[in-house]
Amino acid sequence: MRRVALLGATGSIGRQAIEIVEAHPDLVLCAAASGSSPLDGVDAPLKQVGGDLTELLERAEPDVVLNAVVGFAGIHATLWALERGVDLALANKESLVAGGELALAAWANGAGRLLPVDSEHSALFQCLEGRRIEQVDSLVLTGSGGPFRGRSRGELLNVTPEEALAHPTWRMGSKITVDSATLANKGLELIEAHFLFHVPYERIEVVLQPTSVVHSLVRFRDGASLAHLGYPDMRAPISYALTYPERAPTPLAPLDFSSLTLEFRSPDLEPFPMLGLAREAGERGGTYPCAYNAANEVAVAAFLEGRVPFLGIADVIADALERADGSPARDVGELVEADADARALADSRLPVL
């Protein structure tokens with residue numbers, strides 16, 4: 001039996017993870033946590049709403065931690081698992097983006113397995129498995145382009161939160177759905193891929209694939225490319241991470257190749273500057289990725305509250321990056337301080353209610 005601690009149990013990933021665990025005879029939910037939602041319908045011996053996630057993990061003694069917490073709040077649980085060599089199924093990309101070198105150091109010291117749950121990074125992980133990184137030419141992250149794919153900047157002036165939350169292919173929480181609409185999610189995934197696979201930013205590309213069937217690709221030095229295909233359903237990468245290396249069966253239908261038309265296009269960075277800002281933050285290093293993530297969390301919350309326009313999200317992030325210190329964090333305390341400083345910078349750009 002593999003004991004699974006599920007953090008973020010009431011979100012989209014958490015609910016689907018429970019379905020996977022319940023269907024697999026060798027998985028058992030030993031602990032579940034949520035930020036604020038009740039866990040009355042979750043069957044686990046240890047349950048916690050709010051509070052210190054690392055204390056829950058200490059009591060649970062899991063074999064694998066599925067971190068599906070939203071945002072920087074997941075950083076302590078990520079570092080806890082990496083430092084102890086406990087398998088980490090990571091859906092909380094923000095902790096790796098913000099944690100950067102601290103997370104990599106913890107991973108090296110703990111020597112456990114870091115199994116990405118994001119569909120794109122799970123795809124890259126599977127395409128790269130058993131291959132030396134020096135064989136790789138480049139990584140290609142795919143994205144649907146969100147609900148506003150193909151629109152000009154002028155056509156985005158009066159976008160409402162309701163429109164931004166209408167994703168064409170995925171059903172996700174509000175924060176990640178807005179991130180998909182701005183392409184900030186691709187920016188976060190770009191930084192995450194850099195840290196996960198130790199590939200420099202100039203060798204990581206982002207392309208739009210509107211049907212979300214191609215989850216990502218790897219180009220190799222001999223001119224060949226490998227792609228991971230599947231219908232857009234998060235149960236596949238969740239199951240893969242929780243049962244690795246077994247690749248357990250799921251209820252998902254196999255692809256019908258006779259009905260597929262695969263289209264790729266480059267993202268337009270003029271109406272969607274968040275991708276370029278993420279690449280800039282990643283290349284600058286230090287705590288600039290942390291500042292990017294923190295400012296984005298503040299700006300997205302403000303957009304959903306009607307305090308800033310859709311295009312104003314990128315303005316808030318650009319300003320925070322311009323004013324952030326960006327010095328590397330020597331420990332988690334300094335990382336938390338950098339996160340708080342960036343949030344304050346972002347908040348200072350918002351209109352006063």
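Student: Where is Ser 95 found?
Tutor: Ser 95 is in helix α4, residues 93-110. Helices here are DSSP runs of H or I with at least four residues, strands are E runs of at least two, and both are numbered from the N terminus.

Student: What kind of model and numbering am I looking at?
Tutor: The model is predicted: local features need pLDDT of at least 70, side-chain atom pairs count only at pLDDT 80 or more, and totals for chains, interfaces and linings use all residues. Residues are numbered from 1 along each chain as its sequence is written, and side-chain values use heavy atoms, with hydrogens and water left out.

Student: Back to Ser 95. Buried or exposed?
Tutor: Buried, because its relative accessibility is 0%. The cut-offs: buried is under 20% relative accessible area, exposed is over 50%, and partly exposed lies in between, using a 1.4 Å probe and protein chains only.

Student: What does the side chain of Ser 95 make a polar contact with?
Tutor: With the side chain of Asn 92, at 2.7 Å. A polar contact is a pair of N or O atoms within 3.5 Å; within protein, one must be able to donate a hydrogen and the other to accept it, and residues adjacent in sequence count only if both atoms are side-chain atoms.

Student: And Arg 132, what does its side chain contact?
Tutor: The side chain of Glu 134, in a polar contact of 2.8 Å. Arg 132 sits in the loop between α5 and β7 (136-143). Arg 132 counts as partly exposed, because its relative accessibility is 47%.

Student: Salt bridges next. How many in the whole structure?
Tutor: A search finds 21. The criterion is a side-chain nitrogen of Lys or Arg within 4 Å of a carboxyl oxygen of Asp or Glu.

Student: Which residue does Arg 84 meet in a salt bridge?
Tutor: Glu 58, with 3.2 Å from N to O. That pair links distant parts of the chain: Arg 84 is in helix α3 (75-84), Glu 58 is in helix α2 (53-60), and they are 26 residues apart. Arg 84 is partly exposed at 42%. Glu 58 is partly exposed too, at 43%.

Student: What about Asp 118, which residue is its salt-bridge partner?
Tutor: Lys 93, with the closest N and O atoms 3.5 Å apart. Here too the pair links distant parts of the chain: Asp 118 is in the loop between β6 and α5 (119-128), Lys 93 is in helix α4, and 25 residues separate them. Both Asp 118 and Lys 93 are buried.

Student: Which helix holds both Glu 280 and Arg 284?
Tutor: Helix α10, residues 274-284. Glu 280 is partly exposed at 35%, and Arg 284 is partly exposed at 39%.

Student: Why does four apart work there?
Tutor: An α-helix has 3.6 residues a turn, so residues three or four places apart point the same way.

Student: Which residues are linked in a network of salt bridges?
Tutor: Arg 2, Asp 87 and Arg 113.

Student: Switching to helix α3. Why is it called largely enclosed?
Tutor: Seven of its 10 residues are buried, so the rest of the structure largely encloses it. Among the buried ones are Ile 75, Trp 80 and Leu 82. Just after α3, Gly 85 takes a positive phi of about 70 degrees.

Student: Now the six-strand sheet. What is the order?
Tutor: β3-β2-β1-β4-β5-β6, open, with parallel pairing. β3 (46-49) and β6 (114-116) are the edges; each has a single partner strand, so one side of each has no neighbour in the sheet. Neighbouring strands are turned by 20 degrees against each other on average, direction ignored. Strands pair if DSSP finds at least two bridges between them.

Student: How many bridges join β4 to β5?
Tutor: Four, between parallel strands at residues 64-67 and 87-90. Val 65 has Leu 88 in β5 as its bridge partner.

Student: Last one. How far apart are Ile 176 and Glu 297?
Tutor: They are 121 residues apart in sequence and 9.8 Å apart in space, C-alpha to C-alpha. Ile 176 lies in helix α7, residues 174-182. Ile 176 is partly exposed, with a relative accessible area of 26%.

Technical notes. Axes are lines fitted to C-alpha atoms, for helices over the stretch in contact, and angles run from 0 to 180 degrees between N-to-C directions.
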